[in-house]
Amino acid sequence: MKAGPETDSRSAAFDPHNLLLPQRRYSALLSRTFALTRLCLSTAFIIAGLIAPAFAQEREQEEDKKPVYVTVRVFQGRVNRGSTPDPTDQTFKLNTRAQTDYEKWIASLSKAYPGFEIAQVRTELLRIFPSPNPGRVIFGPRNGRNLQLLVNVAYSPGDGVTPGLNLIPMVEYHFGDEKTDKKYPPVMQAFPVPIDVEEGMTYFFTHKSLSYSPESYVNFVRPGASPGDFGSSEYFFIFALTKEPFNPAQPGGEKPTARVFNDKQSAELQASAVKKVEPEWPADYNRPGFDGRIQVRVEIGPDGRVAHAGIWNSSLPEANHQAIAAARQWQFPATLFAESRLPVYATLTFEHKSPEAKPAPAQPNAPATAAPDKTSPAKAAPAAKRQVRPKK
């Protein structure tokens, strides 16, 4: 019977298990390929891990050579002594681009510190390098008792591709000239957590220890004023920090977006204005001890009118709104934009001179006492007799 072996032979030729052999070989090949790929990727990551720090260090060294520009805005929060609890020590942030005018800054900070009357007293631009040397803003005499805001910058890992930036603020109280008097080192009054900054954001904070007596407040903000005029008030300093994307003195870099005038150019510009409006000073300022000035930072458009205004420096914070209202009404000649249509950033300075103290009225003269009449026996005083000792 030959049919049997033939049937067995055909059955062996069409064994379904034989059809799986090529697929198994292909799967094994894929497995070896994936294993080799994983090995290559692991090796690449290891090499990258060894090389990346070197590149990161080189990048940090390059960044260390570049200055960081930080705009510091200092506000005061006034409150009647004991009327509200201490402000929170939290660090807040807000969108800088939305704060186009002075009123918006005040409204934003007032939401964070309800019950406080907010006013700006200072603006200063810091140019800081990532190093142990901080940028400084000093209140009060440099060689006397003063308050100092110190700001350091340091780079952080960021997102792993682009390095981040930390601002490290610190507030110190200095008792005098530390170079000549080593006995009184500065005292730290506030040290917020480092701020991991984002572009376009402003970070502001205060601290319950940043409250000052009328004497210190006058020394820091209003030299020449009488502490007695502020005896019922308590003042807190609020610091707002903004990391600038470029040098504010040269906005836009190689392709400038505005022209920035220095103090001398601003004074010349102010003198050439075609329309000048002085602030309406508060009635309380018409008394001795309220001398001071307010510098308003203005943006002037191509039409010669003021587009935006903010406080640059002020030793009369209660009159900031009046100074802003006056500055917005100024107009400048068209020749200012004859060569360039770029807007102009400049400062307008308003001085306030309080009346001199009137001398105290003289007291009415008392009736003169008549001198004794030596010729009258009744009025003449008896002469004292000299005692003569007998001679021994």
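Throughout these legends, a residue is called buried under 20% relative accessible area, exposed over 50% and partly exposed in between, as computed with a 1.4 Å probe on protein chains only. The views show a predicted model, in which local features need pLDDT of at least 70, side-chain atom pairs count only at pLDDT 80 or more, and totals for chains, interfaces and linings use all residues. Residues are numbered from 1 along each chain as its sequence is written, and side-chain values use heavy atoms, with hydrogens and water left out.

**View 1. A network of salt bridges links D101, E103 and R328.** A salt bridge is a side-chain nitrogen of Lys or Arg within 4 Å of a carboxyl oxygen of Asp or Glu. E103 and R328 meet through their side chains at 2.7 Å, N to O. This pair links distant parts of the chain, with E103 in helix α3 and R328 in the loop between α6 and β15, 225 residues apart. Helices (H or I, at least four residues) and strands (E, at least two) are DSSP runs, numbered from the N terminus. R328 also forms a salt bridge with D101, at 3.6 Å, N to O. D101 lies in the loop between β2 and α3 (102-112), so its pairing with R328 ties together parts that are 227 residues apart in sequence. E103 is partly exposed at 31% relative accessibility, as is R328 at 34%, whereas D101 is buried at 15%.

**View 2. K93 and E198 form a salt bridge.** Their side chains meet at 3.1 Å, N to O. Because K93 belongs to strand β2 (residues 92-95) and E198 to the loop between β8 (195-196) and β9 (201-205), the pair ties together parts that are 105 residues apart in sequence. K93 is partly exposed at 47% relative accessibility, and E198 is partly exposed at 42%. The whole structure contains eight salt bridges.

**View 3. F204 belongs to the largest nonpolar core.** Such a core is a set of buried Ala, Val, Leu, Ile, Met, Phe, Trp, Tyr and Cys residues joined through side-chain atoms within 4.5 Å. Among its 80 residues, L147, L149, F204, F239, V296, F332 and F350 touch the most other members. Strand β11 (residues 233-243) supplies the largest share, seven residues. Beyond its neighbours within four places in sequence, F204 has contacts (heavy atoms within 4.5 Å) that include F92, K93, L109, Y113 and F239.

**View 4. N166 is a buried residue of strand β6.** The strand spans residues 164-174, and N166 has a relative accessible area of 19%. Neighbours within four places in sequence aside, N166 is in contact with N152, V153, A154, S156, I195 and D196.
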